[in-house]
Amino acid sequence: MSTASNLIRSRRSHFPKEFSGQKLPDELIHLAMENADTAPSHKLTLPWRFAVFSGETLEKLCDAMLAWYDANTPAEAVNPDKRNKIAAYKQQLSHAIGVGLHLSSKVPAWEEEAALAMAVQNLWLTMDEDPHAAGYWSTGNGTGSDAMRAVCGWDETVLHRGWFFLGHVETKRTHSQRSPIAQRVHWVP
Ligand SMILES: Cc1cc2nc3c(=O)[nH]c(=O)nc-3n(C[C@H](O)[C@H](O)[C@H](O)COP(=O)(O)O)c2cc1C
């Protein structure tokens, strides 16, 4: 298989509970942002927006996520395990990236959503540059809320589309158990 095929096939989601707490180099994040920014977009609208959190700003973001959970979860629905999971982010995450979408109105919205996803894929694949860098796209933790849009520093023209959580793992998983591809792909006879 080619280098590209190996890269694409070995990309996996890794979650904060798997992170050691060690930090990834900022240079890797800069590279990931440059690569994300090379994604294609119809009419070159470049609809993706990324807000990078590290160090103190990451700690503040983790506090904001816990505060968001507390403010938006009715007392009877509070799940201590879920709350503890969020509280642990501070010790686990290396960087967090707010994922945003800016709609230009020059092309249909779905095309801009598609371009954003391609940019996130580029960011994700860049984690292959470091043997310990891993993460995933989270659409929890206040995704889509005005509060989290503001934490990312965006005005109302940007839609909050989640987070890319990044961390250091000792050994990356590369295998994925998937149902047969024939369920999703067919060659038109
Ligand atoms: C748009 C998008 C949103 C996602 N949101 C979440 C999420 O909120 N929580 C989660 O556990 N995984 C989330 N994931 C990760 C998927 O669960 C993961 O990609 C899937 O299980 C396949 O695993 P793999 O990435 O290792 O192939 C998201 C993935 C995508 C593409």
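**Figure 1. Residue classes in the shell around the ligand.** By class, four nonpolar, four polar and three charged residues form the shell around the ligand. The model shown is predicted. The residues that surround the ligand are Arg11, Arg12, Ser13, Phe15, Trp124, Tyr136, Trp137, Ser138, Thr139, Gly140 and Arg178. Strand 3, spanning residues 133-138, contributes three residues, the largest share of this shell.

**Figure 2. Arginine side chains and ligand oxygen atoms.** In the predicted model, an N or O atom in the side chain of arginine 11 lies 2.8 Å from an oxygen atom of the ligand. For the side chain of arginine 12, the distance from an N or O atom to an oxygen atom of the ligand is 3.0 Å. For the side chain of arginine 178, the corresponding distance to a ligand oxygen atom is 2.5 Å. On its own the ligand has 620 Å² of accessible area, of which the protein covers 55%.

**Figure 3. Secondary structure of the chain.** The chain contains seven helices and four strands. Along the sequence, these elements follow the pattern α-α-β-α-α-α-β-α-β-α-β. Of the contacts with a separation of 6 or more, 79% join residues 24 or more positions apart.

**Figure 4. Dimensions and burial of the chain.** The radius of gyration of the chain is 18 Å, which agrees with the value near 16 Å that a compact globule of 189 residues would have. Along the principal axes, the C-alpha atoms fill a box of roughly 55 × 40 × 35 Å. Buried residues amount to 38% of the 189 residues. The chain exposes about 11000 Å², and carbon and sulfur atoms supply 55% of this area.

Methods:
Residues numbered from 1 in each chain as written. Predicted model: local features only at pLDDT ≥ 70, side-chain atom pairs only at ≥ 80, totals over all residues. Heavy atoms only, no water. Near = heavy atom within 4 Å. Polar contact = N/O pair within 3.5 Å; in protein donor to acceptor, adjacent residues only side chain to side chain. Areas by Shrake-Rupley, 256 points an atom, 1.4 Å probe, with all protein chains shown as cover. Helix = DSSP H or I, 4+ residues; strand = E, 2+ residues; numbered from the N terminus. Nonpolar A, V, L, I, M, F, W, Y, C, P; charged D, E, K, R; others polar. Rg over C-alpha atoms; globule rule 2.2 N^0.38 Å. Buried < 20%, exposed > 50% of the residue type's maximum accessible area, 1.4 Å probe, protein only. Contact = heavy atoms within 4.5 Å.
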